[in-house]
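Hi everyone, thanks for coming. Have a look at the model on the screen while I talk.

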Amino acid sequence: VIGVAGFQLGYNITVFNTLASVVSRTFQWTKEEEISYTSWLQALNPMGAAMSCILSGILIDKVGRRNSMLIGNCILVIGCSLCAIKIISVMLLGRLIVGFTSGLYSTLGPLWIKEISPVELSGHFTTYFTIFLRCGILGAYIVGIWLPITDQEVFVENNYWRFMIAFPLS
């Protein structure tokens, strides 16, 4: 179950790489706005993760591993929900919040796996987090396969981009 946190981490890091042009088209940005906003949308996730990594040890020690995971999941729901709103400032905030959960998961996941694994197998089990992380990256690209290459109007109209952003909530 904790490996799913690795999947969410990988997926959320990658999802805006596949969505950049479609989100730009949805918001009808100029080329300059597209460069600026997509850069921010992609950069805020690792920025939130860096902040969270600093604070996650304190949170884990105060409320425990299980409660930290539950808190992270609640924060992820809020962040993904904000990212699906078609207001750029709200999306930017949502990406920062999703990044915060990414940092929490990247600290908590391997720690929790190592602690619950038998000592003789802890190295083996710890790799599962990394495997799930890579599967999350791959998952974001796989979900992006259905993005239209030429006619993006249909994609913009049917709001598939919102599904891609909210996918980790399923």
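Predicted model: local features only at pLDDT ≥ 70, side-chain atom pairs only at ≥ 80, totals over all residues.

Residues are numbered from 1 along each chain as its sequence is written, and side-chain values use heavy atoms, with hydrogens and water left out.

So, H3, helix 65–83; helices here are DSSP runs of H or I, at least four residues, numbered from the N terminus. Which residues of H3 are buried? Buried means under 20% relative accessible area, exposed over 50%, with a 1.4 Å probe and protein chains only. The buried ones are Ser68, Met69, Gly72, Leu76, Gly79, Cys80, Leu82 and Cys83. They sit on the same side of H3, because their arc around the axis covers only 145 degrees, taken from the directions from the helix axis to the C-beta atoms. Over on the other side, Arg66 and Cys74 are exposed. And the buried residues pack against H1, H2, H4 and H7.

Now the core: buried Ala, Val, Leu, Ile, Met, Phe, Trp, Tyr and Cys residues joined through side-chain atoms within 4.5 Å. The largest one has 34 residues, and Phe16 and Met91 are among those with the most contacts inside it. H1 gives the largest share, 9 residues.

Last, Asn12, in H1. Asn12 counts as buried because its relative accessibility is 3%. Leaving out residues up to four places away in sequence, Asn12 touches (heavy atoms within 4.5 Å) several residues, including Leu76 and Cys80, both of them on the buried list for H3.

Technical notes:
Helix = DSSP H or I, 4+ residues; strand = E, 2+ residues; numbered from the N terminus.
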